[in-house]
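Please consider the briefing below alongside the sequence and the coordinates.

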Amino acid sequence: MAICTATPFAAQALYGGPSNTFKKLSCIQSGVASSRYKRVVDALAADIRAGRLPSGTRLPTHRQLAAREGMALVTATRVYAELEAMGLVSGERGRGTFVRELALPPGHGIDQQVAAADMVDLSFNYPALPGQADLLRNSLRELAASGDVEALLRYQPHGGRPHERDAVARHLRQRGLAVDADRVLVVGGAQHGLAVTAMAVLQPGDVVAVDALTYPGFKILAHALHLELAPIPVAGNASDLDELERLCATRRVRAVYTMPTLHNPLGWVTSAAHRARLIEIARRYGLLVIEDAAYAFLAERPPRPLAAIAPETTVYVSGLSKNVATGLRFGFVAAPTALVPALERAIRATVWNVPAVLTAIACRWLDDGTVTRLETQKRADANIRQSIAREVLAGLPLVGHPSSYFLWLPLAEEVRADQVAAALLHERVAVSTAAPFATSAHVPHAIRLALGSTNPRTLSDALGKVKRVIDDHTYA
């Protein structure tokens with residue numbers, strides 16, 4: 001067994017203080033190379049956890065580590081792979097391997113944490129308008145007084161009752177999607193709609209093309225269902241369709257997941273020409289198109305949905321979480337007729353049916369114009385919040401749509417996103433780094449700011465802290 005002399009002062013020995021000169025660990029070899037490499041992993045992990053190697057420290061290259069520890073290059077690579085799997089370091093293409101910020105809680109930015117009362121949450125959006133609680137209270141009273149209460153206690157059809165599917169179909173026509181009610185299914189929110197779509201249509205190992213920065217919920221879903229995500233880089237204000245075409249020519253891609261109207265996190269609305277070419281590629285290579293329209297209501301007069309252009313190959317997924325309330329877990333899927341039975345079985349396998357009380361309230365609001373009214377008000381609200389953000393964060397390279405509930409903020413080369421996020425947590429402000437959104441090996445240093453989860457004055461104060469923390473790290 002290998003005995004390593006790395007001790008609490010190992011960080012200084014390894015890095016030689018400010019010069020970051022890496023020095024060889026002194027290990028007494030009495031076992032196999034694998035034992036030695038484990039000791040190197042343990043020594044580095046101990047120094048990182050103890051803070052002797054602070055966040056942002058650049059570690060030696062794989063080749064330097066191999067030379068100075070007398071190990072093979074592949075073994076040095078394995079050392080860093082294990083440290084990365086432990087969440088202690090991150091490898092960045094073209095820059096090296098860096099110690100991660102351990103002050104961030106596990107799953108930060110991808111799992112919603114229970115926020116303290118004094119925490120301003122700019123990591124998740126749950127936009128609400130004054131009076132929405134009263135709206136729910138009144139609707140519950142009306143529902144209780146209706147003659148249909150007993151029916152709500154029984155099992156419902158998996159995809160929703162006919163009149164409920166009709167209500168959704170009428171709503172979708174306002175979004176430029178004319179669809180028959182028998183192609184509409186009611187689901188428990190847009191995330192559930194994505195899940196049942198993937199369960200119904202895709203198989204473990206299938207390749208799904210996605211944007212290099214995309215919605216974290218789809219990443220979680222792909223991991224759970226063992227789907228392979230193939231990242232497509234960004235080209236201007238859209239995904240690079242030349243790269244998508246090259247990918248399809250070399251690999252068997254089964255589907256493409258896309259957000260053409262109000263992309264999360266980049267806020268783009270793709271052009272009609274971009275949509276037409278995407279559909280042409282999908283038809284040529286037999287791709288299923290999964291169109292996520294969760295934030296589409298925020299864009300006024302966007303180009304036609306992909307599902308309107310190619311209904312035979314597109315599954316359209318959306319819901320009422322952002323335009324009404326995140327607690328109202330009501331969503332809908334519009335799918336090709338051939339896929340409807342499989343989608344209904346997936347709904348049965350997951351929830352059987354969406355709770356009837358929620359569905360009844362949601363469909364009332366779809367029919368009486370409440371949803372349309374709230375969408376109009378929230379577009380105006382998002383526009384105000386964008387104006388606040390652009391004023392407070394003036395001078396920073398903001399990326400986003402002028403009426404969306406989020407902003408993407410790339411950081412300067414010398415600024416590390418995890419350190420910014422950790423410093424903001426200390427200031428009682430939660431933000432997301434790029435890590436939850438990235439699908440490629442390259443994770444840019446950027447943060448995403450959700451603007452819709454607090455009142456405008458608190459938002460302005462929190463964004464002021466964001467600006468100050470970024471400035472502090474930029475000019476440190």
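Predicted model: local features only at pLDDT ≥ 70, side-chain atom pairs only at ≥ 80, totals over all residues.

Residues are numbered from 1 along each chain as its sequence is written, and side-chain values use heavy atoms, with hydrogens and water left out.

**Overall form**

- The protein chain contains 16 helices and 16 strands; helices (H or I, at least four residues) and strands (E, at least two) are DSSP runs, numbered from the N terminus.
- With a radius of gyration of 25 Å, close to the 23 Å that the globule rule gives for 476 residues, the protein chain is as compact as a globular protein of that length. The radius is taken over C-alpha atoms, and the globule rule is 2.2 Å times the number of residues to the power 0.38.
- The C-alpha trace spans about 80 × 50 × 45 Å along its principal axes.
- Of the 476 residues, 53% count as buried; buried means under 20% relative accessible area, exposed over 50%, and partly exposed in between (1.4 Å probe, protein chains only).
- Among contacts with a separation of 6 or more, 72% are between residues 24 or more positions apart, where contact means heavy atoms within 4.5 Å.

**Nonpolar cores**

- The largest nonpolar core has 34 residues, and those with the most contacts inside it are Leu172, Leu177, Leu320 and Phe330. Such a core is a set of buried Ala, Val, Leu, Ile, Met, Phe, Trp, Tyr and Cys residues joined through side-chain atoms within 4.5 Å.
- Elements giving two or more residues to this core include α5 (132–145), α6 (162–174), β12 (331–334) and α14 (370–392), while α13 gives the most, with 7 residues.
- Leaving out residues up to four places away in sequence, Leu320 touches Ala325, Leu328, Phe330, Phe332, Ala362, Leu366 and Val371.
- Another core, of 31 residues, lies apart from it and has Val420, Ala421, Ile447 and Leu463 among its members.

- In helix α8 (residues 216–224), the buried residues are Pro216, Gly217, Phe218, Leu221 and Ala222. They pack against α7 (190–201), β7 (207–211), β8 (228–232), β9 (253–258) and β10 (288–292).
- His226, which follows α8, has a positive phi near 60°.
- Helix α9 (residues 241–250) holds Asp242, which counts as partly exposed at 38% relative accessibility. Asp242 and Ile281 are 39 residues apart in sequence and 9.8 Å apart in space, C-alpha to C-alpha.
- Cys248 is also found in α9 and is buried, with a relative accessible area of 8%. Neighbours within four places in sequence aside, Cys248 is in contact with Val253, Ile281, Tyr285 and Leu287.

**Backbone features in loops**

- The loop between β9 and α10 (272–285) contains Pro265, and the peptide bond from Asn264 to Pro265 is cis, with omega near 25°.
- Leu262 is found in the loop between β9 and α10; its phi is near 65°, a positive value in a residue other than glycine. Leu262 is buried, with a relative accessible area of 1%.
- Arg301, in the loop between β10 and α11, has a positive phi of about 50° although it is not a glycine. Arg301 is exposed, with a relative accessible area of 75%.
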